[in-house]
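Keep the 3D view open as you read.

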Amino acid sequence: MDVLLDLLDLEPIERDIFRGRSRSSLVPRVFGGQVAAQALVAAGRTVPEDRLAHSLHAYFLRPGDPGAPIVYAVDRIRDGRSFTTRRVVAVQHGQPIFHLSASFQAYEEGLDHQADMPAAPDPESLPTAAETLPRHLPEDVARRLVEARAAVDLRYADTPPWGSVGEPREPRSQVWFRTSGKLADDPLLHVCLATYVSDMTLLDSVLLAHGRGGWAVGDVVGASLDHAMWFHRPFRADEWLLYDQESPSSAGGRGLGQARIWTRDGKLAISVIQEGVVRVPRS
């Protein structure tokens, strides 16, 4: 948890320019959720504290180099009476690797309704990642994946894709997650950590539809293409959140995942949509 929080504490270089570092991952590129979370941190640091992030739209342009720093340049697109808009470009080796647009809003009262929360098992009744992963993956892969996700307590409500290879299922997946430690009472921090986690499992539902195990077992290759989130209601990332995910389509080497994130007491906190490259390796 301390390592992740340190990654999100960007170094200010000049006005509206920040520098971030990376940590190693299972693949030789920067984890997309990290870049998205750091970019949102950069945007949020240029916005008044009373304006909370309500949406983001992002494109992953190039693979990030985990051995090099990432520079985040913020463009102050608009400062209105109610809404503030920022654009962030992440740059490595002189080239943009990621682009984010984010909007922030001052709190106001308004009409309020939401869909019903889906049924899900109690998170405490589910096995932890450290208990689940070694059952389905080679020891070294399981160990590296547990280490990569150590800052997050993430629990699958059903068998993960790599546990049911060759068995196509309904393209739907549920996980409960929360950070592995308590967080400060900073709304931007909780939003950024939810953004970080949102890139971990969203394309699982695409894999389930085809009985594929995913990048952990090597029967598909892929990467995030674009990512969008809408933050509807306050939440805490250090308390249990239900990530209910499904895939309505995959075609042309791309898969679409859409999801809703709920607080444990049934409030719809976040909506998420992501498209990614999902290809079967060529022999």
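H3 gives the largest share of the lining of the largest cavity, three residues. Before going further, note that this is a predicted model, where local features need pLDDT of at least 70, side-chain atom pairs count only at pLDDT 80 or more, and totals for chains, interfaces and linings use all residues. Residues are numbered from 1 along each chain as its sequence is written, and side-chain values use heavy atoms, with hydrogens and water left out.

Back to the hole itself. The structure holds one cavity of 30 Å³ or more, and the largest cavity has a volume of about 40 Å³. Here a cavity is a set of points, on a 1 Å grid over the protein atoms alone, where a 1.4 Å probe fits but cannot get out, and lining residues have an atom within 4 Å of a point. Grid points are joined across faces, edges and corners, and the volume is the space filled by probe spheres set on the points.

Who lines it? You'll find Thr128, Ala129, Thr132, Leu133, Arg149, Leu154 and Tyr156 there. Helix H3 (129-136) and strand E7 (152-156) each supply at least two of the lining residues; helices (H or I, at least four residues) and strands (E, at least two) are DSSP runs, numbered from the N terminus. By class, the lining has four nonpolar, two polar and one charged, with Ala, Val, Leu, Ile, Met, Phe, Trp, Tyr, Cys and Pro counted as nonpolar, Asp, Glu, Lys and Arg as charged, and the others, Gly among them, as polar.

Now follow H3 to its partner, helix H4 (residues 139-148): their axes come within 8 Å and cross at roughly 155°. Axes are lines fitted to C-alpha atoms, for helices over the stretch in contact, and angles run from 0 to 180 degrees between N-to-C directions. H3 and H4 are therefore roughly antiparallel, a label for angles over 145 degrees. Ala129, Ala130, Leu133 and Pro134 of H3 meet Ala142, Leu145 and Val146 of H4, contact meaning heavy atoms within 4.5 Å. That contact has seven nonpolar residues, no polar and no charged.

The other pair is helix H2 (residues 32-44) and helix H5 (residues 187-201), whose axes come within 7 Å and cross at roughly 160°. So H2 and H5 are roughly antiparallel to each other. The contact includes Ala36, Leu40 and Val41 of H2 and Leu188, Val191 and Asp199 of H5. Its residues divide into eight nonpolar, five polar and one charged.

How values were computed. 1 Å grid on protein atoms, 1.4 Å probe; cavity = no way out; pocket = protein on both sides within 12 Å on 5 of 7 lines; lining within 4 Å. Parallel < 35°, antiparallel > 145°, perpendicular 65-115°, else oblique.
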